[in-house]
Amino acid sequence: MVATEIFKVTEILNKQRIFFKTGQTKNVAFRIAQLKILKQAIIENKQAIIQALTADLRKPEFETYASEIGVIKEVDYGIKNITNWTKPKKAEIPLELLPYSAKIQPEPLGVVLIIGPWNYPFQLIISPLVGAIASGNCAIIKPSEIAPHTSQFLAEMIGKYFEKNYIAVIEGGVEISQQLLAEKFDHIFFTGGTAVGKIVMTAAAKNLTPVTLELGGKSPCIVDTEMNIEHTIKRIIWGKFINAGQTCIAPDYLLVDQRIKQDLLSGLQKCLKEFYGDNPANSPNYARIIHQKQFARLVNFLKCGEIIVGGETDPEQLYIAPTIIDHVSLEDSVMQEEIFGPILPIIAYTDIDEAIDLINSRPKPLALYLFSQNQNLQKRVLQETSSGGVCINDTVMQFGISSLPFGGVGDSGIGSYHGKASFDTFSHYKSVLRNSFWLDLNWRYAPYKGKLLLLKLILGI
Ligand code: NAD
């Protein structure tokens, strides 16, 4: 690392600390104004966002609107609710402590660090940033170097609309990331893989910095017999193959009731044609793999099981056709790690217990999908499995609901965000107890003689 870069990180951090101390970010009107600026920035730069994502992932314009520019909904939700979120909330006081009053008052943490991944490189920076702004923090942002066009665009956009001493983008790869992690922040919000998540948490521990880790994993999708097969198929194909499968909550693999497996398989093949045509390589609606390393990793998975549809690749175009694989074994590499690409293995079960046991034998997933109208089955799956979130009879849509906290559990992450959860993530809830001077009962003061009976009465023992 060159000395100037180290200097840059420390200098920006120090400037943000000084700005935070001025107290300006604590002003709710200031925060609302900044969120409005952020919204304006997104609106004014729609074309540049589309261009950056085309260059990085050949992301279809529709998908960029839906999953990147659409983050504007989070900004709106913040603007609408911030006044309510920032209000101190009254807390209950026991009767015997009547002269007291209590409240819980949120306050900003200070200067926070946001590290983003490459798959939704715009929205996965902006969405946590909404929380950081709404809670009154300063922020340093480190976008993913693997999506260089979006990273550069973010640096330009944020640099144009915000002062560096309030919100700054520092571009770079692992080295810069580690340089940032060596500094003391007041919170680190990380989105990325589980392995790097551990590195982030280790670095944060040295400074006792709290972390939010938005990680990944293998999100299973159970398909029961009691469902509308046409809707099920469309929703699975959409959720799996948007962004060419490079979605942290894409259904990673299907667990299908043996009795409907054949119907489902032929329906999935038909739907792929409907969505992407006879040759998805020519479809304007289908994205590309981010880079050679991911491409090579994914191509390796194609050796597993039996390809039912897809399997075509083009290294020059970083193209992998939407692929469905049957007859995989649980030991195959495709079932050992998060796929994070357009490959969908199918595993049949004869009894739902097998599906539940399989899910429970693995690290807790970020998302769990269940297609079934059977209420008892829905209850069972909810009760007997653990995952960051659950979506019943659909895929991926849970991410877009601002009132639902989004995050993992166990290996899929720590903490959550979106809407109020983002505000909570970047706030400290300060407990405030207030006494007055109009009364001062003696029961707690020494000498204690003759007061024990009253204390026992208060304690109820
Ligand atoms: P990644 O962990 O490789 O990289 C994420 C960020 O960490 C990048 O900014 C990168 O520069 C930085 N980084 C990489 N190596 C580092 C190191 N050794 N030390 C410090 N920083 C380092 O993740 P990715 O490949 O960009 O994204 C893919 C993963 O992210 C998948 O596992 C996916 O499931 C997960 N993901 C999760 C969510 C979520 O919301 N939970 C969203 C998107 C992606």
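On a 1 Å grid over the protein atoms alone, a cavity is a set of points where a 1.4 Å probe fits but cannot get out, whereas a pocket is an open set with protein on both sides within 12 Å along at least five of seven lines; lining residues have an atom within 4 Å of a point. The model examined here is predicted, so local features need pLDDT of at least 70 and side-chain atom pairs count only at pLDDT 80 or more, while totals for chains, interfaces and linings use all residues. Residues are numbered from 1 along each chain as its sequence is written, and side-chain values use heavy atoms, with hydrogens and water left out.

The structure holds two cavities of 30 Å³ or more, a volume being the space filled by probe spheres set on the points, with grid points joined across faces, edges and corners. The largest cavity has a volume of about 50 Å³, and its lining is made up of Gly217, Lys240, Gly245, Thr247, Cys248, Ala250, Pro251, Asp252, Glu338 and Phe340. Four of these lining residues are nonpolar, three are polar and three are charged; in this scheme Ala, Val, Leu, Ile, Met, Phe, Trp, Tyr, Cys and Pro count as nonpolar, Asp, Glu, Lys and Arg as charged, and the others, Gly among them, as polar.

The second largest cavity contains about 30 Å³ of space. Glu74, Gly78, Trp85, Val130, Gly131, Ala134, Gly419, Ser422 and Phe423 form its lining, with at least two residues supplied by each of helix 5, helix 6 and helix 15 (419–425). Helices (H or I, at least four residues) and strands (E, at least two) are DSSP runs, numbered from the N terminus. By class, this second lining has four nonpolar, four polar and one charged residues.

Turning to the open spaces, the second largest pocket has a volume of about 700 Å³. It is lined by 29 residues, and Ala66, Ser67, Trp238, Ile242 and Val396 lie nearest its centre. Helix 4 (61–67), helix 5 (72–86), helix 6 (123–134) and helix 11 (261–276) each supply at least two residues of this lining, with helix 4 giving the most, four residues. The pocket lining comprises 16 nonpolar, nine polar and four charged residues. At least three of its residues come from each of domain 1 (3–215 + 413–429) and domain 2 (220–407), the domain bounds being taken from an automatic or database domain assignment.

The ligand is surrounded by 27 residues, the closest being Gly116, Lys142, Glu145, Leu215 and Glu338; a residue is near a molecule if one of its heavy atoms lies within 4 Å of it. Glu338 also belongs to the lining of the largest cavity. An N or O atom in the side chain of glutamate 145 is 2.7 Å from a ligand oxygen, a backbone N or O atom of glycine 193 is 2.8 Å from one, and a polar side-chain atom of glutamate 338 is 2.5 Å from one. Taken alone, the ligand exposes 840 Å², of which the protein buries 89%, with accessible areas from the Shrake-Rupley method with a 1.4 Å probe. Helix 8 (174–181), strand 6 (187–191) and helix 9 (194–206) are the elements that give two or more residues to the shell, and helix 8 gives the most, with four. The shell divides into 14 nonpolar, nine polar and four charged residues, and it draws at least three residues from each of domain 1 and domain 2.

Most residues other than glycine have a negative phi, and most peptide bonds are trans. Histidine 327, in the loop between strand 13 (323–326) and strand 14 (343–349), has a positive phi of about 55 degrees. The peptide bond from alanine 446 to proline 447 is cis, with omega near -5 degrees, and proline 447 is found in the loop between strand 18 (427–434) and helix 16 (452–459).

Technical notes:
A polar contact is a pair of N or O atoms within 3.5 Å; within protein, one must be able to donate a hydrogen and the other to accept it, and residues adjacent in sequence count only if both atoms are side-chain atoms.
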